[in-house]
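Please look at the sequence and the 3D structure below before reading on. The paragraphs after them go through a few local features, one at a time.

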2 protein chains.
Amino acid sequence: MRTRQWRHRGVAVCLLGLALACLPALAEEGMWTFDNPPARQLEGKYGFAVSQEWLDHVRLASVRFNDGGSGSFVSPHGLVLTNHHVAVGQLQKVSAPGKDYVANGFYARTAGEEMKCPDLELNVLLSTEEVTGRVQGAAKAGMSDSEALSARKAEIAKIEAESTTSTGLRSDVVTLYAGGEYWLYRYQKYTDVRLVFAPEQQIAFFGGDPDNFTYPRYDLDMALFRVYENGRPVASRDFLKWNVSGARPGDLVFVSGNPGSTDRLGTLKQIEAERDVMIPDIIQMIRRRLEILHRYAAGGTEPARQAASQLLSLENSLKVYEGEYAGLRGQDLMGKKQKEESDFRAQVAARPELEASYGKAWGEIEGAVAKELTRYRQLRYRSLRGSRIAALALSIVEYVAEIAKPDGERLDGFHESELESLRFRLLSPAPVYPKMELVLLAGSLEESLDLLGPDDPFVKAALEGRSPSETAGDCIGRTRLGDPGFRKALLEGGAKAVEASDDPAIALARRVDPAFREIRKWMEGNVESVLASAGEKIGLARFAIYGKGVYPDATFTLRLSYGTVRGYPMNGTEAPPRTTFYGLYDRSYGFGGKPPFDLPARYSQGRGKLDLETPLDFVCTCDIIGGNSGSPVIDRSGEIVGLIFDGNIESLVGDYIYNETDNRAVAVHTAAMTEALVKLYGAGDLVRELESK
Amino acid sequence: MRTRQWRHRGVAVCLLGLALACLPALAEEGMWTFDNPPARQLEGKYGFAVSQEWLDHVRLASVRFNDGGSGSFVSPHGLVLTNHHVAVGQLQKVSAPGKDYVANGFYARTAGEEMKCPDLELNVLLSTEEVTGRVQGAAKAGMSDSEALSARKAEIAKIEAESTTSTGLRSDVVTLYAGGEYWLYRYQKYTDVRLVFAPEQQIAFFGGDPDNFTYPRYDLDMALFRVYENGRPVASRDFLKWNVSGARPGDLVFVSGNPGSTDRLGTLKQIEAERDVMIPDIIQMIRRRLEILHRYAAGGTEPARQAASQLLSLENSLKVYEGEYAGLRGQDLMGKKQKEESDFRAQVAARPELEASYGKAWGEIEGAVAKELTRYRQLRYRSLRGSRIAALALSIVEYVAEIAKPDGERLDGFHESELESLRFRLLSPAPVYPKMELVLLAGSLEESLDLLGPDDPFVKAALEGRSPSETAGDCIGRTRLGDPGFRKALLEGGAKAVEASDDPAIALARRVDPAFREIRKWMEGNVESVLASAGEKIGLARFAIYGKGVYPDATFTLRLSYGTVRGYPMNGTEAPPRTTFYGLYDRSYGFGGKPPFDLPARYSQGRGKLDLETPLDFVCTCDIIGGNSGSPVIDRSGEIVGLIFDGNIESLVGDYIYNETDNRAVAVHTAAMTEALVKLYGAGDLVRELESK
């Protein structure tokens with residue numbers, strides 16, 4: 001399933017900001033911004049003239065799940081469709097011992113039964129406005145890289161604050177084309193979101209970790225929420241009409257969603273560093289965490305229930321990084337990258353004015369990457385991973401310090417425009433599980449001790465001579481951060497209250513904060529600013545040579561992809577364009593019904609009710625990546641024909657390259673959703689709402 | 001499907017004879033002779049004590065299809081089960097315009113409807129006897145390699161002739177362990193074989209060329225023959241009882257059949273020559289032939305029917321060689337081979353007596369391979385490929401010349417013990433299709449002209465200055481060889497009649513025969529004899545170091561493999577141990593029923609009759625290779641639980657290496673055969689016969 005954590009590069013935001021522009025997109029490649037859709041390709045290849053009305057309608061029907069994922073309005077009454085695996089965090093949070101909505105699913109037969117999500121924020125992109133001139137103009141001639149970076153950041157904060165004040169909308173300045181363009185994106189934000197329907201996880205995620213990121217698939221990875229405003233369902237005028245026939249082989253289709261991040265044009269040296277150091281390290285880290293969590297989950301039904309969504313997410317990430325790692329070690333990908341880079345550099349070198357302005361950028365990046373690698377471990381392991389208590393404590397300690405500064409000088413994540421969403425998350429009433437917190441925090445401290453040694457300032461400050469498990473035991477045992485009211489009091493009390501608090505989690509966060517800040521500051525001064533400046537040069541060189549027939553790397557903002565419903569060559573044969581319910585039963589019985597190929601009782605007992613020929617999942621050539629989970633698949637007329645939930649194993653190198661031959665997005669077919677809702681869930685009312693025009 | 005043509009090495013028989021002994025078999029590797037079963041492994045790993053009775057029963061129930069393939073007796077009344085794709089040549093031969101048994105299947109509801117096959121010979125291995133002493137003793141000290149080879153060949157011919165005379169049985173001396181052992185195998189031979197049942201090819205070979213050599217599969221690749229003797233069904237006392245429950249995941253199972261050939265321990269230099277020269281060349285050759293045949297088949301229903309089985313066979317071969325080629329270019333395989341060879345050579349070098357006797361063998365082989373490559377093209381393209389008329393003409397011309405010589409001096413294929421089978425094939429009443437013959441012969445001559453040039457003696461003699469199409473047109477237009485009676489007269493008339501014949505095909509064969517013989521003789525003197533002698537040395541060295549805990553390379557003689565029913569890691573996920581009828585419908589509807597994923601009407605209309613949960617195909621770790629097609633899968637109690645019909649794509653490197661992780665044999669499940677016979681074919685009588693005890 002297409003979600004992803006921990007970008008494997010410096011501080012997450014650093015190389016995200018460095019997103020490089022791409023070579024002119026061929027084939028069905030590309031995650032296009034709505035201001036620059038691939039109109040020429042659509043017209044030329046499919047005879048499809050994309051209209052502004054079509055684009056506006058699709059944009060306004062598209063929903064961003066702020067904690068990572070996409071979705072869309074599918075009824076005029078605020079119904080939002082996304083994946084079960086995007087919803088699973090909320091499902092877990094509304095569950096409780098004996099009420100396991102993750103495993104058993106949920107269906108609100110009446111409005112009254114719809115269940116409020118504790119901390120889910122949805123965004124709809126209302127408008128975009130280019131602000132390149134203001135941001136680029138902030139960096140004056142003669143400034144150092146570091147000064148220029150600060151100046152641009154300050155200007156961005158100013159633009160965002162102005163917009164928030166004047167419109168009341170969530171306002172983010174988005175860096176595209178490595179700083180070649182800056183855009184102000186304004187979002188309608190929804191925080192009263194209620195759960196309407198989710199199937200059993202075993203059918204949403206049938207085949208479990210083995211089948212994850214593969215195809216053929218047989219998953220009903222769907223969930224439905226309803227957006228409320230002022231206590232009533234929002235009137236969602238721009239919703240996607242439900243096309244029950246769904247996608248057909250050969251159809252032109254679109255995906256509108258929020259791809260998280262790509263590195264399609266990182267320099268070779270950057271990619272080599274990821275291949276040789278960062279990705280192998282992340283893989284080890286995920287394995288260690290999985291081991292800890294599996295051990296905890298093995299303790300019984302209740303621990304297993306608590307750990308389920310985190311386990312899912314870790315296994316998902318492991319498969320992503322292992323797939324990328326395998327792809328990067330294969331000759332094909334690096335060979336292609338090498339050729340692209342040398343062709344590009346040759347063209348720069350051939351034009352003296354470009355060579356003079358931009359020619360040194362590759363060398364500068366190489367230097368910055370080499371520098372980053374000298375402190376790479378500190379960057380990664382001065383960290384408290386996995387524990388929600390520790391994450392809350394750190395955020396609170398940073399929050400009170402950051403909001404005291406001018407907006408332009410704050411750490412990313414604490415700008416004025418982001419605070420409301422942040423507070424919403426920090427005050428979430430979602431339950432905390434102390435025993436699980438304990439093993440996760442102890443594991444994280446243990447890892448830092450092992451990998452940084454006892455003399456690292458972070459380790460010293462965190463442990464103060466005690467063992468990781470003592471420290472974690474004390475911290476989790478006595479903290480009151482599980483209580484949202486306690487958190488609220490600290491936030492309202494500000495720096496003074498936080499400073500004075502004797503809560504052991506807050507104390508831990510206070511102790512490690514300086515070591516955090518030290519490595520971040522070092523990274524910013526020594527790596528990030530160089531990468532930003534050199535990356536911008538490469539981006540501008542690319543514009544100069546290839547023009548704007550390119551798309552920017554993904555930035556978890558709204559993009560449009562296009563492609564066709566089509567199978568692909570797989571393991572010596574052909575993967576079909578779609579699967580059917582027949583295949584679900586074949587795969588389950590082929591494994592003798594053993595987990596993760598077991599069927600929920602509803603499906604094993606109810607198979608006689610289903611038309612087994614109904615298409616279940618399908619693949620298309622649309623270019624997607626983690627963050628696109630839950631994106632609608634849309635046809636020419638703007639109707640919804642499917643629901644993205646994954647990419648195939650061949651797409652795992654998609655962070656670096658798009659290969660039309662076998663890169664495929666995997667989607668649930670609308671016919672299957674309709675069939676299951678009506679025949680197995682008795683959710684005819686819901687289907688009638690979906691089919692309303 | 002596991003059949004294979006054209007061994008890609010010198011003359012087919014040459015390196016077959018060179019089959020090298022293997023390293024001690026680990027895991028579930030190995031194609032064991034019945035005199036040396038893997039008793040220790042079976043006892044140790046499975047607690048299964050294999051008895052002589054069990055081995056004898058399985059051996060006597062096993063059937064060799066003399067034109068390539070395996071089968072087994074499955075009733076006391078001579079019923080033999082094999083694959084549809086093993087039967088397809090015969091199905092094609094008994095078909096006629098408007099009576100397409102290949103496409104439509106066949107079922108003889110009464111004994112009277114059973115249809116005699118024109119030229120099918122089945123063999124049952126009645127006894128084996130070691131004759132190593134006699135054969136090795138024939139080569140005296142002081143003989144050259146060439147003289148030694150001749151002496152051994154003469155002795156082998158003598159042993160075979162003696163046995164044929166004294167027993168009346170087909171008697172073959174088999175070279176095992178590269179001449180480390182020689183065994184006399186005596187066969188009961190059956191030539192009155194009648195077709196009882198075959199399903200539609202589209203269900204036997206569902207998924208066609210794309211799915212061929214892959215898994216998961218959904219094929220009912222079965223056919224049933226009945227063996228007659230003296231006009232009545234033979235009483236087959238040793239038959240395999242039909243186990244309708246069939247193979248279960250985790251079961252210990254056995255495969256008894258006739259793997260064609262392997263090169264598990266060719267030297268590195270030999271494998272490199274195959275990788276760099278021979279296999280790429282064969283792939284080109286198959287592609288050229290496919291192009292010619294596809295063009296012919298596109299001419300209409302009847303040409304398509306005529307070309308079907310040859311197309312099938314060519315596409316099958318192409319997939320095999322492309323799979324091998326990909327495997328050989330990957331680093332894993334060659335790296336492992338390199339390590340094996342250097343370990344082995346180090347052990348030889350460490351023992352002076354071994355080094356003295358055998359140490360030079362690798363260098364000798366390297367020299368012979370280098371020599372072979374100098375005339376490799378002549379070896380391959382002094383040939384008339386594809387045309388049945390040309391093949392018959394050449395065989396007749398050679399036959400009358402060879403039988404005039406003492407047995408020991410004849411070309412392989414013409415020894416006294418082989419003549420009866422040869423005559424049976426030469427006099428086959430199977431139909432000949434002149435238009436197809438024409439394009440195949442013209443294509444073959446064209447290819448020889450292109451690749452050898454107009455001055456090659458073979459090309460000169462074949463064309464006599466005319467064009468390939470003129471030559472072929474004249475030859476096919478006027479030949480009478482399509483008439484079995486005409487062939488009979490030539491064989492009976494002997495050298496004189498053949499010499500005097502003005503039949504243009506015979507004349508063509510007479511003209512090219514000297515160039516054939518020249519290159520064969522050169523190969524024998526310069527390559528084959530050296531390879532035989534050096535190969536034998538390496539074989540003996542291997543015996544000295546590893547003992548007899550090894551199995552010989554495959555030689556299209558009866559072997560026993562063992563393993564478990566087990567899935568495997570595939571393309572990022574797990575392949576299931578078995579499939580079901582559900583999957584057949586999923587895959588067909590997934591492709592919208594488009595060929596080769598279309599269903600015979602019986603299956604699309606009859607799906608309601610089937611219990612779709614019935615296992616259809618399954619995989620096991622048994623070590624098989626081309627020639628094993630049609631082999632029974634047998635359980636501990638000697639009952640039949642499945643029917644081998646293919647290997648997966650990962651097994652295509654099996655010629656060189658066995659990899660337990662993902663090398664799998666693919667089989668039809670007995671439950672699926674039973675279910676289809678009863679529910680879809682109304683063949684309850686047949687199932688009652690199968691279930692007789």
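Predicted model: local features only at pLDDT ≥ 70, side-chain atom pairs only at ≥ 80, totals over all residues.

Residues are numbered from 1 along each chain as its sequence is written, chains are lettered from A and ligands numbered from 1 in the order in which they are written, and side-chain values use heavy atoms, with hydrogens and water left out.

Begin with two helices. Two packed helices are described by the angle between their axes and the distance between the axes. In chain B, helix 18 (residues 434-452) and helix 20 (residues 468-478) have axes that come within 8 Å and cross at roughly 145 degrees. Here helices (H or I, at least four residues) and strands (E, at least two) are DSSP runs, numbered from the N terminus. Axes are lines fitted to C-alpha atoms, for helices over the stretch in contact, and angles run from 0 to 180 degrees between N-to-C directions.

Which residues of the two helices meet? Among those from helix 18 of chain B are L438(B), L441(B) and L445(B), and among those from helix 20 of chain B are A472(B), C475(B) and I476(B). Contact means heavy atoms within 4.5 Å. By class, this contact has 10 nonpolar, three polar and two charged residues. Ala, Val, Leu, Ile, Met, Phe, Trp, Tyr, Cys and Pro count as nonpolar, Asp, Glu, Lys and Arg as charged, and the others, Gly among them, as polar.

Next, find Q201(B) in helix 8 (residues 201-204) of chain B. Is Q201(B) buried or exposed? Q201(B) is buried because its relative accessible area is 17%; buried means under 20%, exposed over 50%, and partly exposed in between (1.4 Å probe, protein chains only). Leaving aside neighbours within four places in sequence, Q201(B) touches H84(B), V88(B), V102(B), A103(B), F206(B) and L312(B).

Now turn to the loops. P216(B) sits between helix 9 (208-211) and strand 10 (223-229) of chain B, and the peptide bond from Y215(B) to P216(B) is cis, with omega near 0 degrees. The peptide bond from P595(B) to P596(B) is also cis, with omega near 0 degrees.

In chain A, F213(A) is in the loop between helix 9 (208-211) and strand 10 (223-229). Phi of F213(A) is near 60 degrees, a positive value in a residue other than glycine. F213(A) is buried, with a relative accessible area of 0%.
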